[in-house]
Amino acid sequence: MAHQLLPDEFADLESFAPHWVLRTERERYAKRLASSMEQMQAFYDAAFPRARAAVNYLNQFELDNLPEQARNLLYLLFSLVMVSFPVEVWKQPHVPDAGAAYLDLVEEPGP
Amino acid sequence: MTLAQKPGAGSWTQAYPELGTGPVSYEDSISPEFFEAEREAIFRRCWLNLGRVEQVPRVGSYFTRELAVANTSIIVVRGQDRKIRAFHNLCRHRGNKLVWTDYPGVEERGTCQQFACKYHGWRYGLDGKLNFIQQEQEFFDVNKADYGLVEVNCDIWEGFIFVNLSKTPVQPLREFLGEMAWGIEGYPFHKFTQVFRYRAEVKANWKLFMDAFQEFYHAPVLHKKQSATPEAAQALYEMGYHGLWYQLFGPHRMVSSMGRYRAPADEEPVKPIDRLTRSGLFGPWDEPDLGMAELPRGLNPARSPMWGLDSFQFFPNFTILIWKPNWYLTYHYWPLSADSHLFEGTLYFVPPRNAAERLAQETAAVTFKEFALQDGNTLEATHTMLKSRVVDKFLLCDQEILCRHLHKAVQDWVSGYYGGEGLPAGRVWSRTAPSSQAR
């Protein structure tokens, strides 16, 4: 593989990485709204069972000194959280009853 | 089951007879004339929170805030003497906005040694003094000492930066904030430096969003679909909402509520992502250690073992909500017009020590947004129908006492001001009164 985004231990999730390793909440939220439920369900089904192992892997590093691939893995977990409401609760990408309302995250902490 | 002990008067509302119990009008939320009166009587006279001291950590750190409600823009900056000051964001030469980049309406933040106007190069120190005039010899008898930036009253309470746009504030900050604030002094706000700041323009009057977040009577209904299971939703719905404690403090008010006072047991129904990340709407399940022997006396006033959160609404537009699992959030509601406002929700956490703690915060932040979007959208629906004026009186229940109080406090300030007195006179505002009267 030319450029591997995730650590070797999580190569099974690599195919999702180009789509779901996103650095900002704004990108993750936009990706969620632009995705079909099938796409999000597939990502969720693959990533959720691996999430605990991923957290354990990441916990071996200092948070503000994550290697690049580890940081990507954390971004992937942030995306898992982002799709969790559509997949687990709403059954649709949008928040129901939210219409055109928006809420921008204008300042967010690093990974 | 008795969920909360109401006061001796029989209800929270009747403990404050001046509130009454009758239907209320929301004319104060749809009238453009009343909005103009609020600008003068409230937003130009009250202490307004613009942020926290952590936003200006170093000498020369600054940020700007657009205060449309007062038709101005403010610079908050830390000076050479480390003192935090506030100035109108206005060059004294010909009135250009001093600090802005590509778009004059976009707020700025950064660090600098001085402020230079991009129009003709006039320069001001961090203390607001005019230090340099381009081609000064071309001007006529200018004394630079007379042309510093226009300073705004600025004071700090518990690390929160407040400004007051009146020349002489009616009360000093701490006196204005009063007993409600004193009760939470000592809470270690400074330890929560991990910040998520949300913002949205909402097409509803600012007081309607304050109302939405100062009653939880709506929670089991509007947010029903967010429960982990239909059974959990139904149980909450049938129980309804019962606040642990309500208290009014002058124009300020608070509600204390049950909530997640411990991590859910294994058998309890929670969303899979919440279980995985040990977090959710009420915040991370694993509380950081704040190093506090006991909570400030103003928190959990009912001393309930099921206490989950306290929400303190500071007049006019600032809320601090402290959660049992050791984090807090703030709301600001900045009016733009009678029909719209800028909403800001800011979440504050203790910095995470590892990826697990960071992920728990992410879940809390994402969940906050899911709820807030539902709340925000409902407001637009409410505002448009209030504007129809088809009905002019609406019912408020005992769990909505704080909504009743906000509108009364706002109307008292307006009628007090236009009655020619410095402080609220307690008279009821009438729809036709304020617009033409002299100040």
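Me: How do you know what area chain A and chain B bury between them?

Reply: Buried area is the accessible area (1.4 Å probe) that two parts lose on being put together, summed over both. For chain A and chain B this comes to about 3600 Å², 65% of it on carbon and sulfur atoms. Of the area that chain A buries against chain B, 20% is supplied by A:Phe85, A:Leu103 and A:Glu107, more than any other three residues. This is a predicted model, in which local features need pLDDT of at least 70 and side-chain atom pairs count only at pLDDT 80 or more, while totals for chains, interfaces and linings use all residues. Side-chain values use heavy atoms, with hydrogens and water left out.

Me: What makes residues of chain A and chain B count as in contact?

Reply: Contact means heavy atoms within 4.5 Å. By that rule 40 residues of chain A are in contact with 35 residues of chain B.

Me: Why is the meeting of B:Arg197 and A:Glu107 called a salt bridge?

Reply: The term requires a side-chain nitrogen of Lys or Arg within 4 Å of a carboxyl oxygen of Asp or Glu. The N to O distance between the side chains of B:Arg197 and A:Glu107 is 2.7 Å, so the pair qualifies. Across the interface of chain A and chain B the rule finds five salt bridges.

Me: How do you know that β1(A) and β11(B) pair?

Reply: Strands (E, at least two residues) are DSSP runs, numbered from the N terminus. Two of them pair if DSSP finds at least two bridges between them. β1(A) and β11 (residues 194-202) of chain B have three bridges, in the antiparallel sense, so they pair. A:Leu105 has B:Tyr198 as its bridge partner in β11(B).

Notes: Residues are numbered from 1 along each chain as its sequence is written. Chains are lettered from A and ligands numbered from 1 in the order in which they are written. Helices (H or I, at least four residues) and strands (E, at least two) are DSSP runs, numbered from the N terminus.
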